[in-house]
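These are my notebook entries on a two-chain model. I set down what I looked up, element by element.

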Amino acid sequence: MKATRVFQLTALALIVVSAVQVGWWVFDQRAYTIEKAQAARALYADETRAAQALLAAGAGEARVRELLPDIVVDAGQARLAPAVESALLTEAAHRYRQYAWEGSFFLLALALCIAVIARALRAEARVLEEQDDFLALVSHQFKTPLASLQLSLETMALRPLAPEQARTLIERMLADLARMELMVTQILESVRLERGRVDLRSEPVELAGAVARLLGALEERARGQRIALTSDVAPGLYVLADPLALDVIVRNVLENALAAVSPVGGGSIAVSARAGNGEVELSVRDSGVGFRPADGARLFEKFTRLHPGGGSSHYGTGLGLYIVRRLMQLAQGRVTAESAGVGQGACFVLTWPAAPVPRS
Amino acid sequence: MSTPAEDARRVLVVEDDPHLAAGVMENLRAEGYEVASASDGRAALEWLRNENCALIVLDVMLPGLDGFAVCRTLRDEGNNTPVLFLTARGDPADRVRGLEAGGDDYLAKPFHLKEFLLRVRAILKRWDWYRNASATAATAALSFGGNEVDFRAFRARTWNGEVQELTEKEAMILKVLAEHAGEIVSREDLLERVWGYDVFPSTRTVDNFILRLRKRFERDPANPRHFLTVWGVGYRFLAEGEP
């Protein structure tokens with residue numbers, strides 16, 4: 001156990017003990033006040049009886065008042081003076097109020113301390129748990145492409161293969177390597193975002209050029225998976241963004257679309273853009289597996305990997321769309337996802353603030 | 001539907017990663033097996049309700065229904081097809097879960113191709129032997145001490161009239177012992193015949209199974225008359241009971 005944790009737990013225990021002490025103090029003081037009031041009343045009762053005895057013995061009212069100033073004689077009957085009676089009540093009420101205020105103030109302060117420490121402890125536990133989950137998930141994610149690579153290589157080592165079989169295996173291995181490389185990139189990006197170590201610029205970026213470059217890099221892979229990539233982004237649309245972050249965002253959305261289309265044996269991915277209201281929208285529409293409309297928000301949470309069956313798929317780290325959302329938030333933009341349901345394809349819309357067209 | 005002879009060389013591969021599934025299937029085909037595939041647990045169960053195969057290569061982390069659940073469902077439905085689990089989690093607890101779910105063997109990803117093929121061959125060989133050894137009406141049944149065992153149905157009616165379902169391993173051990181009735185069979189022989197090589201490293205496993213068989217079939221399991229211990233060597237099975 002870490003030293004800070006030991007310290008936190010000790011402080012928590014001390015505060016809980018203090019709270020119990022305060023509670024006990026309030027209770028004890030109240031009992032003490034009751035006891036004192038009863039003693040005072042007993043004393044006054046004695047005085048009243050004494051006054052009555054004096055009266056019975058023939059002492060005058062003036063004599064009685066002189067000897068016992070707290071007693072009044074009213075029509076031959078001795079009783080406690082109303083001023084003393086009310087002073088007794090006021091004193092008791094005053095003390096009760098004091099204990100109630102002081103006691104609840106301290107209890108409130110202590111409860112606040114307990115809440116703060118408990119919160120810190122819980123947050124720490126959650127971080128540790130998340131890290132464990134993350135490590136388990138990441139190592140598990142890597143094992144599948146690793147197993148596939150090893151299998152391909154050992155197949156080549158085990159038996160002579162026809163040239164086209166060898167070709168297939170080589171392509172498979174290259175795709176496995178690309179999968180692992182993407183995972184590494186996403187993990188590093190998400191860790192950087194998590195730690196807040198991002199220093200994003202905000203400058204006009206021409207959307208059509210960036211999209212064309214990214215599509216060009218994915219074209220061959222898309223062709224191999226029988227996916228038609230089309231783009232309808234008019235040149236001259238500028239958004240206010242960090243050029244590198246914009247690349248990461250669009251690439252992740254496109255990777256996600258590829259991963260959604262390839263399991264259904266091919267299809268299409270269409271990119272389009274439009275400007276309006278001081279914003280620029282980039283839409284990526286795919287004909288892939290889609291998702292339940294209710295899962296639209298969950299998609300962007302860390303480690304969410306949706307599968308047509310409702311479970312999680314082996315593909316991806318569950319980080320790609322999380323990175324997209326974080327980066328869009330940092331860029332004062334937003335991202336939304338829509339699907340009519342499983343098997344109905346999906347549409348991701350990225351919205352940035354529009355930038356004025358640079359003069360140069 | 002296919003003929004039993006074809007079924008005996010057919011393997012069902014249940015794996016949702018397309019590359020891994022393709023690699024495994026190509027290698028099995030190259031070894032002369034006939035291969036079918038399913039990419040998730042439900043599809044596998046659906047296929048198995050209509051078709052037969054000699055072995056299921058089952059990934060554990062499947063979308064929807066996981067591999068363990070698929071295996072348990074099969075066993076609950078009375079399907080005894082052997083299962084070889086493939087999984088990315090290779091820790092011992094997971095291994096035990098796999099074997100408890102009714103799996104025959106367990107391989108962690110990434111695995112060696114030769115080892116995979118060896119294990120496939122070993123499982124099929126054990127089952128070929130078991131099937132052949134229970135092929136005729138005479139060899140499919142065993143009676144001793146008032147117990148009636150049906151090796152093909154994995155079922156027995158015991159001396160007290162109870163009907164008991166046997167696990168595959170119990171049936172196989174009983175088969176080995178019955179084939180060598182009256183002879184001493186060593187623990188190592190039993191391990192080799194029933195489990196293959198290194199799935200269970202301990203001969204204690206065999207002892208536990210013998211205890212289970214005694215509990216099922218002996219009138220007084222503490223003083224066995226059919227499943228006898230030969231100290232320091234192994235076991236001897238006597239069909240007629242020790243005099």
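**Entry 1: helix α2 of chain B**

Against which elements do the buried residues of α2(B) pack? I found that they pack against α3 and α4 of chain A, together with β1, β2, β3 and α6 (113-133) of chain B. Before going further I noted the terms of reading: the model is predicted, local features need pLDDT of at least 70, side-chain atom pairs count only at pLDDT 80 or more, and totals for chains, interfaces and linings use all residues. Residues are numbered from 1 along each chain as its sequence is written, while chains are lettered from A and ligands numbered from 1 in the order in which they are written.

I take helices (H or I, at least four residues) and strands (E, at least two) as DSSP runs, numbered from the N terminus. Contact here requires C-beta atoms, placed from the backbone, to lie within 7 Å. I call a residue buried if 20 or more other C-beta atoms, placed from the backbone, lie within 10 Å of its own, exposed if 12 or fewer, and partly exposed in between.

In α2(B), I list B:H19, B:L20, B:A21, B:G23, B:V24, B:N27 and B:L28 as buried. I checked the length of this helix, residues 18-30: its 13 residues should span 18 Å at 1.5 Å a residue, and the end C-alpha atoms are 18 Å apart, which agrees. The expected span is 1.5 Å times one less than the number of residues. Just after α2(B), B:G32 has a positive phi of about 95°.

**Entry 2: the contact between the chains**

I counted 22 residues from chain A and 20 residues from chain B in the contact. On the chain A side, α3 (82-158) and α4 (163-194) are the elements that give two or more residues. The largest share, 12 residues, comes from α3(A). I sorted the residues on this side into four nonpolar, 13 polar and five charged. For this sorting, Ala, Val, Leu, Ile, Met, Phe, Trp, Tyr, Cys and Pro count as nonpolar, Asp, Glu, Lys and Arg as charged, and the others, Gly among them, as polar.

**Entry 3: the five-stranded sheet of chain B**

I traced an open sheet of five strands in the order β2-β1-β3-β4-β5 (chain B), with parallel pairing. Strands pair if DSSP finds at least two bridges between them. At the edges I find β2 (34-38) and β5 (105-108), each of which pairs on one side only. Neighbouring strands are turned by 20° against each other on average, direction ignored.

Within this sheet, β1 (residues 10-14) and β3 (residues 55-59) of chain B run parallel and are joined by four bridges. I see B:V14 opposite B:L58 in β3(B). Helix α4 (residues 67-76) of chain B lies across β3 and β4 (83-87) of that chain, running at about 150° to β3(B). Axes are lines fitted to C-alpha atoms, for helices over the stretch in contact, and angles run from 0 to 180 degrees between N-to-C directions.

I also looked up the loop between β5 and α6 of chain B, where B:P110 is found. The peptide bond from B:K109 to B:P110 is cis, with omega near -10°.

**Entry 4: α8 and α10 of chain B**

At what angle do α8(B) and α10(B) pack? I read an angle of about 85° between α8 (residues 168-179) and α10 (residues 204-217), with the axes 10 Å apart. The two helices are therefore roughly perpendicular, a label for angles of 65 to 115 degrees, whereas angles under 35 count as roughly parallel, over 145 as roughly antiparallel and the rest as oblique. B:K169, B:E170, B:I173 and B:L174 in α8(B) meet B:F209, B:R212 and B:L213 in α10(B). I divide these residues into four nonpolar, no polar and three charged.

**Entry 5: strands and a loop in chain A**

I recorded six bridges between β4 (residues 227-232) and β6 (residues 267-276) of chain A, paired in the parallel sense. A:A228 stands opposite A:S268 in β6(A). Strand β7 (residues 279-286) of chain A runs antiparallel to β6(A), with eight bridges between them. In their hairpin, which has two residues between the strands, A:N277 takes a positive phi near 55°.

In the loop between α5 (207-224) and β4 of chain A I looked up A:R226. A:R226 is not a glycine, yet has a positive phi of about 55°. With 12 other C-beta atoms within 10 Å, A:R226 is exposed.

Definitions and conventions
Two residues are in contact if their C-beta atoms, placed from the backbone, lie within 7 Å.
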